[in-house]
Structure formats: structure tokens, C-alpha cells
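Please take a moment with the sequence and the model that follow.

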Amino acid sequence: MLLIANAYVMNPATGEEGYNDILIKDGHILKIGESLYDEMTKNGKAEEIRVIDATGLVAAPGLVDVHVHFRDPGFTHKEDIETGAKAALKGGYTTVVLMANTKPVVDNEETLAYVLDKGKKTGLHVETCAAVTRGMQGGGLVEMERLHKAGAAGFTDDGIPILSEETVRSAMQEVKRLDVPISFHEENPAFIENNGINAGAASAHYQVGGSKREAEIDLVRRDLAIALETGACVDIQHISTKEAVELVRQAKAKGGDIHAEATPHHFTLTEEAVIQYGTLAKMNPPLREESDRMAVIEGLQDGTIDLIATDHAPHSREEKARPITEAPSGIIGLETALALGITYLVDTGYLSLMSLLEKMTINPARMYHFDTGYLAEGAPADIVLFDPQESFTVDGFVSKSDNSPFLGWRLKGKVKYTICGGEIHFVL
């Protein structure tokens, strides 16, 4: 048995918080209460227990990220399932949902089984989406029901927008029937000259064309309308513009099963970071203006944006060393997400710690119907222990890649232990 003693327990599923011990046995939480070690001692069972003294630490449900790229199969020079899992566990995550844009694409049962089987060996709960369209070509739909039965948690063509309205509607109708989420990468290429660079100060600095905000607004408007029509569970991924935040707010008010993600980089950085950090701050959709960053934060505050997802996107140093218009978009995020949330949302007074954790645990778990993201007797023992007051410098990563503008930053909120399935899989 494993006993977490003297922790400040926070459970976003119920809003309850306070000092307690947590006793774990056989992968589940056996008991939550006070002075459990003394109780076990009286019963003569103290020798059977491994104790973690969590004095000064918060115990929360293990974090859940619904938007992650582990690049496996096909691009394992950037990341693989093993190294990605280590990065996730270091960041306090116990469940991740992988995207389908691998090589080959996760549009068939064989590739799906490869990913899931490899994930089972990591100590992390590794789930994956399957693609929406065959080969992520935007045309015919994959065999959604078969892939769902084979283990696909949901569907997305993330990385590539689906331009056909008919295809989007058919996909939403099918996921509604299957009762699974569908996630959308909302960037209309008609409004983009060079992706990953905002059409504004950033594109002007590099004297190139960029990505106009209308690229996101156009597809978000279309897909929210179809979501309301079909009743599908829809996730608007990595939202970046104030207009898209408002569109989601209005659609939610109409009662749709609609969700939206904010990434740590979109609530932390603006396009000025692309000028300062170059390709390390290049991502799709791009960093926008300060008013957009604040709109994302306001969306997190009022629940319009109910998910915080990293869009962990590893790339090699050689790839990121290319010129700004040629380097791939994306940054890694699993190892810095919680600390960025504490430093730039909680310590700034925008969110309570409980609200931050809600968007990183129970909300994403509920969207995918995962049995995790909460703390209760009998629940899976997926738990993160962290010190919300400890400052540290980001000085390296366990991810295979290090493409992050946050390298060298001073942040607050240090993960100390990650417990997944009742086993300690990360300890500082």
C-alpha cells in the first residue's frame, strides 16, 4: 500500500479542498481521511505501507491532456511514445490523448493497435484519436465505428483543417451517434500566406505574409453552426483569437455540446515572442495580439474555454533551425504547462488554483468519458503532487526535443510526484 500523508488535497470534480491523507491499494484510492498512518499503526499494518510525506504539497487528480503529439510512428527522431510519456509524467500528467497525424496516419486498426499497445508499456494512460478522413486528406471518412470499437477515444484531423462542409457534417453526425468527441483544427488556408506567423507585427518584422485571424474565425463560425445543428460533442482546438472566443461563448449559450482549448502558449505569449524567439515561438495557429491573449484568459475565467491542452508538438533542433518561413510550427509543452498556469493565471489572480486544475483534470476527462480526473474512495489512483510555491528555472527537458521558448524562464509550481494506476512513475 501507498500512503500520501499531510497533503493539501484538491478535488476539482467536487470543489472540495483541505488537509487529508490518501491511502492507495491495488491501483485505486482505498481511503481519504485524517491521520490514516496512525490508524494503520493501531491496526498493526504500518509496515505494509510506503509513506510519502506530502507536507507543503498539493495532491490533485493526475492531469489530463487531450491534445498531444508523440510523433510515433513515423517521426520518432522528434519524439516517441516512451519519451513522450516520460515528459508527460514529469509534467504531472497521468492521461494523454494523442493526435492521429503520424506516419502512417491513425486511420486503420493496425496503426491504432500499435499506438495503444506501445502506450500500455509506459506507466502513463495513453489514449489516441483516430483521423476523421482517410489519410487525413479531407475526403472520405474513416470507418469511425470500427475504429472506436478498436479503441479510438475520439476523432480529429488535427494539423490539417477539414475544408468540406459536407464532410464535417457527416463526421459530426457519426460521432454524435457514437457518443465520442471530434476535435477541429480551425485554420482556413485561404487566409494564410505563411502559417505559424501572425499577419501583423510578426509578419511585418520578418517582411513576409502571415496568417490572418480570419483563417480561424471563418472555420470556427462554420463548425459551431454545424455542431449546434447536429448536437455533436465538438472540441475547438488551440483557440487563438478574441473573435473565436466570442463565437464559442455565443454557441455555448445556445446549449451546444461544445468545448474549447487554450494552450499555455496562447495565454502566456503574444506575437512579440515570435520576434524575440524566432522559430521557437512559431506555431499553428500563431501567437496573436495582447487583446487576443486577454480574450483567451477571459474565456478561461467564464468557462467559455473549459480545457487547457498543451498541443505538445516536438521538432528537432535541425528542423527549427531553418528560416522562419520554412521551419515547422509547434512547441513542446507537457513539462511546463502546470507551472505556466500557476505563474501566469493563478499568481496573477485570473484563476483560482481549483479553477486551473478543473480545466486540466476533470473537464477533459469528462469530455472523453474517462474514469479519471477526480479523487474519491474507489477511484483510480491517478494523482499529482506538486508544490505551488516552489520556483524553478526551466533548464532542460526529458522530451526528446527541446523546441520551447520557455527554456530559461523562471516559473512557479514544481511537480514532485506523479502516481498513475497507484504506482509512482515520476519522483523528483
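A salt bridge is a side-chain nitrogen of Lys or Arg within 4 Å of a carboxyl oxygen of Asp or Glu. The model shown here is a predicted one, and the structure holds 23 salt bridges. One of them is formed by the side chains of Arg249 and Asp302, which meet at 2.9 Å, N to O. Because Arg249 belongs to helix 8 (residues 242-253) and Asp302 to helix 11 (residues 290-302), this pair ties together parts that are 53 residues apart in sequence. Arg249 is partly exposed, with a relative accessible area of 25%, and Asp302, at 45% relative accessibility, also counts as partly exposed.

Another salt bridge brings together the side chains of Asp402 and Arg317, with an N to O distance of 2.5 Å. Here Asp402 sits in the loop between strand 14 (383-393) and strand 15 (410-420), while Arg317 is part of helix 12 (residues 317-320), so the pair ties together parts that are 85 residues apart in sequence. Arg317 is exposed, its relative accessible area being 60%. Salt bridges can also share partners, and in this way Glu145, Lys149, Glu174 and Arg177 are joined into one network.

What are the surroundings of the salt bridge between the side chains of Arg222 and Asp223, buried or exposed? The two side chains meet at 2.8 Å, N to O, and both Arg222 and Asp223 are buried.

Asn198 lies in the loop between strand 10 (182-184) and helix 6 (201-206), and it counts as buried because its relative accessibility is 1%, where buried means under 20%. The side chain of Asn198 is joined to that of Arg288 by a polar contact of 2.9 Å. Beyond its neighbours within four places in sequence, Asn198 is in contact with several residues, among them Ser203, Gly210, Glu271, Pro286 and Arg288.

The cysteines remain. A disulfide is a covalent bond between the sulfur atoms of two cysteines. With a disulfide taken as a pair of cysteine sulfur atoms within 2.5 Å, the count comes to 0 disulfides. Cys129 is in no disulfide, since the nearest cysteine sulfur, that of Cys233, is 11 Å away. Cys233 is likewise in no disulfide, and the nearest cysteine sulfur to it is that of Cys129, 11 Å away. Cys129 is buried, with a relative accessible area of 0%, and Cys233, at 10% relative accessibility, counts as buried too.

Note on methods
Residues numbered from 1 in each chain as written. Predicted model: local features only at pLDDT ≥ 70, side-chain atom pairs only at ≥ 80, totals over all residues. Heavy atoms only, no water. Helix = DSSP H or I, 4+ residues; strand = E, 2+ residues; numbered from the N terminus. Buried < 20%, exposed > 50% of the residue type's maximum accessible area, 1.4 Å probe, protein only. Polar contact = N/O pair within 3.5 Å; in protein donor to acceptor, adjacent residues only side chain to side chain. Contact = heavy atoms within 4.5 Å.
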